[in-house]
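Subject: Handover of a structure and its findings

Dear colleague,

Please find the structure below, followed by an account of what was found in it.

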Amino acid sequence: LQSNSCCVSPGLAEESVEPEQETIIKIPGNSYLMSPNLPDFHGCSPGWSSAFYGAECFDSEVHSYMKNLGKQKSSESQNIDAKKVELEQLLMMETKNYRKTIKFYQKLLQKERSSKGLETKSMLPRLRGQLQEMKSKVQFLELVKKYIMYAEQWGVESCVLPAVIHSGRTDTANMAPVEESSLLLYYNTDKYQCNNENGMRVLQAGTPLGLMAHLYSRNAFLEGYVQQFLYTFRYFCTQEEFLQFLLERISSTLSSASPDSSTSLTKIRNRSFYILQAWIEDCYSVDFATNTDLLHTLKEFISSKVAPLNGYGEHLLSLLENASAKKSGNAQQSSSMDKCEEEGEEDRKMLHSLCKKLSEDNFNWKLSKGMGPISQYQRERLYTGSSVLPKPCYNSFTEEFPVSFAKADEMGPYLLIEYSAQQLCCQLTLLQQELFHKCHPVHFLNSRALGVKDKCVAVQKAVSTETVSLQVCNLFLSKCIQDQYLLQLLRNADSISTWVAAEIVTCHTSKLQVSLLSKFLLIAKCCYEQRNFATAMQILAGLENLIVRQLPAWKILPAKVAEIMEELKAVEVFLKSDSLCLMEGERFKTHPTIPAAHVLAMHVQQLETGGFTMTNGAHKWTKLRNIAKVVSQVHAFQENPYTYTPDFKLQSYLRQRISHFKDAEISALAADNCANFHQIPAEKHSRKIQDALRRMKATFQ
């Protein structure tokens, strides 16, 4: 039930579910959608763009377009239902035209490759321009749809928020305004006057109860507060406390709420369901999958309290089952929404590959020539027989491998020389992508408690996940369960760096060492040009190993190749310079990106430095909001995957070589290889011996 159709950022290059497909989930069989007391809760998660852009996600153009929707005449009043109907029709029509044009563009591309018709070549540039315009229009309509979805969505005024806190403990329907200064602290600003003619109050700090109650404020979704809260609430409350807060509000309003959606109790009930579903959709893997007690409490409440009263309970239970199947990798689809997503996968891949051609952004640093896009010959080499082999399933680079792939040690580093740098870059990127797409923005929070430090090797090889002490610098509450997937990312990064260094120092000739050094430098360059900064920095760490840097092979390395080392260091400085450097411009919206995990964790640690509370005990929301904005880029990058063709034979070879050297001691490997030492020239050595013999002979005369 997680769909990106309701979470499209300004510039997202895909439309995952067509509007007409949404009617599939609106059949009479789904009673929770037909209930007059419950609205449609399809796709509740606001998405990363809400946390990143906040109130700026919706500009003045969206507001002006929204005002004109649903009006047949200028004198008619605005009707939200009329707006939705008109927008859905426009979005359906534009999306259909967009997809038809994409398919036509794909056919022209194939025709151009098979023939050299001038007519086809002249049409492609014009068609690309039309596609860009159509894409922008679809994205804008999706943004308006998102605005309608969140505007006035069952929220209450801020003066009523204290009553929201008491609604879980009282049965009275009296929602009179109560003083809120003891719960939340605001400051006034005129920055977002496009949203509110009188300006708006921006949340500065609040108590844990106040921050949870603020989820029910009228503009909580539009301001990005809900998504920011879901990323950061673990700093001031546990998952159990947050769930209990939501369940109390649902329990106290479920039976007494009026069918009239304008009453406060109905708004609290609907907003509670909305927040709960958004939490499940966005954070199931980090909160519910790792805490069986929390999951059991939620299921028990839904089965006993919600399901008997209305069909929405069945919807929530189905949502939990789907999330659990997705987490465990179960391929069986148990809902029509999953089937819709599966059918749209091919279209999404076409969109992603197309968007690479529609963007011409460049990085700030200068890139040397000769490492452009992969040539047609090299692309064809990727489509080998190995691409149709069944894909081996590994949870990490360092797992055990099947016997059929046990020849990697016999081949040694020679297979690396055989493949081009671009081919190795593509397969290493796909391997890295497998790991990156399993992580969550929450994984990068509170990394000091996991032992992550500001060093090249963040996690010692001898330290396992179970032995990491959580008592040091733990910023989460003591009873808050934290997923430690970040450690797996960093250990894999360390394994790749060790593999790079080991492959080089085990070469028995200087010529082979120069070839491998050149190969790894070119691979790293190709990786950062393709925005795979994770693998690029891992290779750089391997090349900067103290023993590797002292090898004689560096002196005979071609000058143009040696310059790549300086480029990589410039990239590293760029990544460390700003926590949001990869989110600048439009490139990240159309090009796949994999950030360096350790660098991102260090940026978050820097934001975590300092106190989280004010002198009165209120938690600094401005600090938490900045942290949420930085980690939201993880979800932003995951929406745009790489679409390289996998070469499973090459991937298996790489996996086994990385696993073979993951625990290697580079100094011990280097000591066994004479090519790693500076050799005295033979002629000069022979002359020294002759001079010594001559002096000895003179002493006997």
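E572 and K576 lie four residues apart in helix α23 (residues 559-577), so about one helical turn separates them. Helices here are DSSP runs of H or I with at least four residues, numbered from the N terminus. In general, an α-helix has 3.6 residues a turn, so residues three or four places apart point the same way. The side chains of E572 and K576 meet in a salt bridge, with N and O 3.4 Å apart; the term means a side-chain nitrogen of Lys or Arg within 4 Å of a carboxyl oxygen of Asp or Glu.

Please note that this is a predicted model, in which local features need pLDDT of at least 70 and side-chain atom pairs count only at pLDDT 80 or more, while totals for chains, interfaces and linings use all residues. Residues are numbered from 1 along each chain as its sequence is written, and side-chain values use heavy atoms, leaving out hydrogens and water.

The structure holds nine salt bridges. One of them joins E94 and K137 at 3.3 Å, N to O. This pair links distant parts of the chain, as E94 is in helix α4 (residues 80-114) and K137 is in helix α5 (residues 118-150), 43 residues apart. E94 is buried at 12% relative accessibility, whereas K137 is partly exposed at 43%. Here buried means under 20% relative accessible area, exposed over 50%, and partly exposed in between (1.4 Å probe, protein chains only).

E248 and R249 also form a salt bridge, their closest N and O atoms being 3.0 Å apart. E248 is partly exposed, at 26%, and R249 is buried, at 1%.

Helix α20 (residues 510-529) has 20 residues, of which 16 are buried. Just after α20, R531 takes a positive phi of about 65°.

Finally, which residues does Y231 touch? Y231, in helix α8 (residues 225-232), is buried with a relative accessible area of 0%. Leaving aside residues up to four places away in sequence, its contacts include W48, D282, H440, S632 and H635; contact means heavy atoms within 4.5 Å. The C-alpha atoms of Y231 and S632 are separated by 8.1 Å, although these residues are 401 residues apart along the chain. The side chains of Y231 and H635 make a polar contact at 2.9 Å. A polar contact is a pair of N or O atoms within 3.5 Å; within protein, one must be able to donate a hydrogen and the other to accept it, and residues adjacent in sequence count only if both atoms are side-chain atoms.

Yours sincerely

Conventions: Helix = DSSP H or I, 4+ residues; strand = E, 2+ residues; numbered from the N terminus.
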